[in-house]
Amino acid sequence: MVQQAIPIERIERFEAEFHGDLIRAGDVRKSGAPSSPSERHSRSADADYDDARSVWNGMIDRHPALIARCRGVGDVISAVDFAREYDLLVAVRGGGHNVAGTAVCDDGLVIDLSEMRGVWVDPDARTARVQSGATWADVDHETQAFGLATPGGAVSETGVAGLTLGGGIGHLRCKYGLTCDNLVSVTLVTADGDYLTASEDKNPDLLWGLRGGGNFGVVTDFEFDLHPVGPDVAICLVFYSGDRTVEVLEAYRDYVADAPPEVSLLTLSGVMPDEDLFPTDTVDELKIAIAGCYAGSVADGERALAPLREIAEPIADFSGPMPYVELQRLFDEDYPDGMRYYWKSLYLEGLSASAIDRIVYWSDVAPSPLSTVDVWQLGGAIARVGVEDSAFAGRHAPFLLGVEANWVRPEDDDVNVEWVRDCLEDMRQFSDGSVYLNFPGFLEEGDDMMRSTFGPAYERLVALKDEYDPTNLFRLNQNIAPSENARVDSGECHE
Ligand code: FAD
């Protein structure tokens with residue numbers, strides 16, 4: 001454990017410099033009566049240790065040696081310097097919602113930003129500065145006070161940081177682009193402990209890489225462009241019987257081909273057994289939902305979304321005007337903290353009849369009624385950004401397939417993980433094989449998948465990694481490994 005390798009005086013110095021909480025693993029606490037200030041601290045902080053190490057996905061059960069819960073940039077610099085000095089495995093925690101649990105590690109140091117949640121809106125400039133521990137609920141609350149929004153994710157409890165650095169696909173995407181397309185600037189602490197700004201004027205190449213490539217340091221602040229949205233928007237949330245899945249997916253495909261850019265939709269196929277939403281005779285049956293919104297006037301939106309509500313006789317239809325902040329929270333309760341999750345994704349080249357047939361099949365054989373096979377509409381503003389203008393890979397695709405296994409009991413882990421993997425393997429025939437890097441369930445794909453997903457951008461990302469993180473200090477992510485020739489000033493390159 002790290003405590004054996006690091007002199008206690010150095011931990012005490014780190015603690016003395018640190019303004020946030022330094023939360024330690026229980027092994028120090030078990031050593032008997034406290035004999036030094038740091039041991040006393042660890043005993044009192046230890047009460048929070050299990051809370052502090054837990055992340056959204058209940059599949060993840062890791063025990064870091066230290067959790068550095070930062071209060072500001074100075075704390076982040078101290079934590080990065082400490083990790084580099086002792087060659088610690090580092091995890092960076094924003095909102096803690098990464099499906100693979102990359103916000104926490106065994107034995108190493110977690111740099112936890114969850115107390116840095118400030119959001120400052122400039123309504124005249126239509127920008128917001130957001131600290132990197134904020135969630136989308138924090139951002140929407142502040143920006144909607146001025147009738148503004150930036151495209152976030154579809155669940156408000158998700159962290160801004162991870163979602164933005166991986167791209168960001170939300171309810172405003174076809175009108176206003178990905179979250180990372182709305183990034184004006186980023187401030188971050190690099191592996192050397194330097195504090196940098198990345199913007200169109202300063203370190204523009206780094207900004208290019210951070211738009212979808214993550215990887216290059218601990219972000220402390222994001223600055224986003226804002227757009228007029230709401231307070232109400234027209235939403236579509238209509239459920240049809242699973243018997244109509246083919247018909248619904250064909251109608252959805254044809255509709256989005258000509259849809260106005262204000263419309264961003266996805267479909268979800270699964271049982272979704274919610275007794276409050278569905279008539280008793282359909283609760284346990286397969287269903288397909290079309291969900292999304294129109295980012296414009298409510299009246300225009302209701303007109304534009306109407307055809308999606310008339311594909312067949314719905315089981316339930318909750319479409320209509322809704323406050324934008326409520327839309328952003330609409331799916332929150334479907335993803336409770338601590339349940340078990342394993343997700344994967346694949347960009348689809350289209351929705352052919354055979355692709356639709358396979359979606360019907362995989363939805364039907366899902367082992368858990370809480371699981372869904374989703375088809376996200378892409379295109380619009382996402383496709384209007386040039387493929388070389390950001391590191392984000394996936395602008396070419398018309399649809400994104402999301403395969404979400406959601407279940408409760410640990411004894412069902414294997415069958416659920418296997419369902420996702422088998423489904424993905426089968427669906428590869430309808431894809432070029434590239435994936436959306438924010439959805440993978442475990443970090444198992446490795447270097448080949450990163451190369452094939454980023455394509456020509458990969459070498460440029462490696463060059464940035466060589467420049468800003470040549471020892472791969474930040475590697476618990478969808479990792480771009482530095483090249484073997486990376487400049488290394490001290491220590492060895494990590495595996
Ligand atoms: P964390 O687990 O805190 O961090 C994830 C990774 O991001 C970390 O490992 C680290 O590498 C990096 N990171 C975090 N903070 C920083 C930082 N300050 N500096 C540098 N690196 C950092 N994605 C979408 O695009 N659209 C959606 O609608 C959407 N919905 C989701 C709904 C749920 C319920 C969940 C669980 C996920 C959803 N996602 C969605 C995926 C989401 O984008 C990723 O899970 C993302 O990693 C979450 O970010 P986070 O900050 O909460 O994660």
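**A tour from the ligand shell to the aromatic pairs**

Begin with helix α8, which gives the most to the shell around the ligand, with four residues (helices are DSSP runs of H or I with at least four residues, strands runs of E with at least two, numbered from the N terminus). This is a predicted model, in which local features need pLDDT of at least 70 and side-chain atom pairs count only at pLDDT 80 or more, while totals for chains, interfaces and linings use all residues. Residues are numbered from 1 along each chain as its sequence is written, and side-chain values use heavy atoms, with hydrogens and water left out.

Next select the 35 residues around the ligand, of which Gly94, Gly96, Thr102, Ile169 and Tyr436 come nearest (a residue is near if one of its heavy atoms lies within 4 Å). Then show Gly159, where a polar backbone atom is 2.9 Å from an oxygen atom of the ligand, and Leu476, whose backbone N or O atom lies 3.2 Å from a ligand oxygen atom.

Move on to Tyr252 and Phe399, an aromatic pair that is tilted, at 6.0 Å centre to centre and 45° between the planes (rings of Phe, Tyr and Trp, the last by its six-membered ring, pair if their centres lie within 6.5 Å; planes under 30 degrees apart count as stacked, over 60 as edge-to-face and the rest as tilted). Tyr252 lies in helix α11 and Phe399 in strand β19, so the pair ties together parts that are 147 residues apart in sequence.

Finally, select Tyr436 again with Phe439: the two form an edge-to-face pair, 5.0 Å centre to centre with 85° between the planes.

Notes
Polar contact = N/O pair within 3.5 Å; in protein donor to acceptor, adjacent residues only side chain to side chain.
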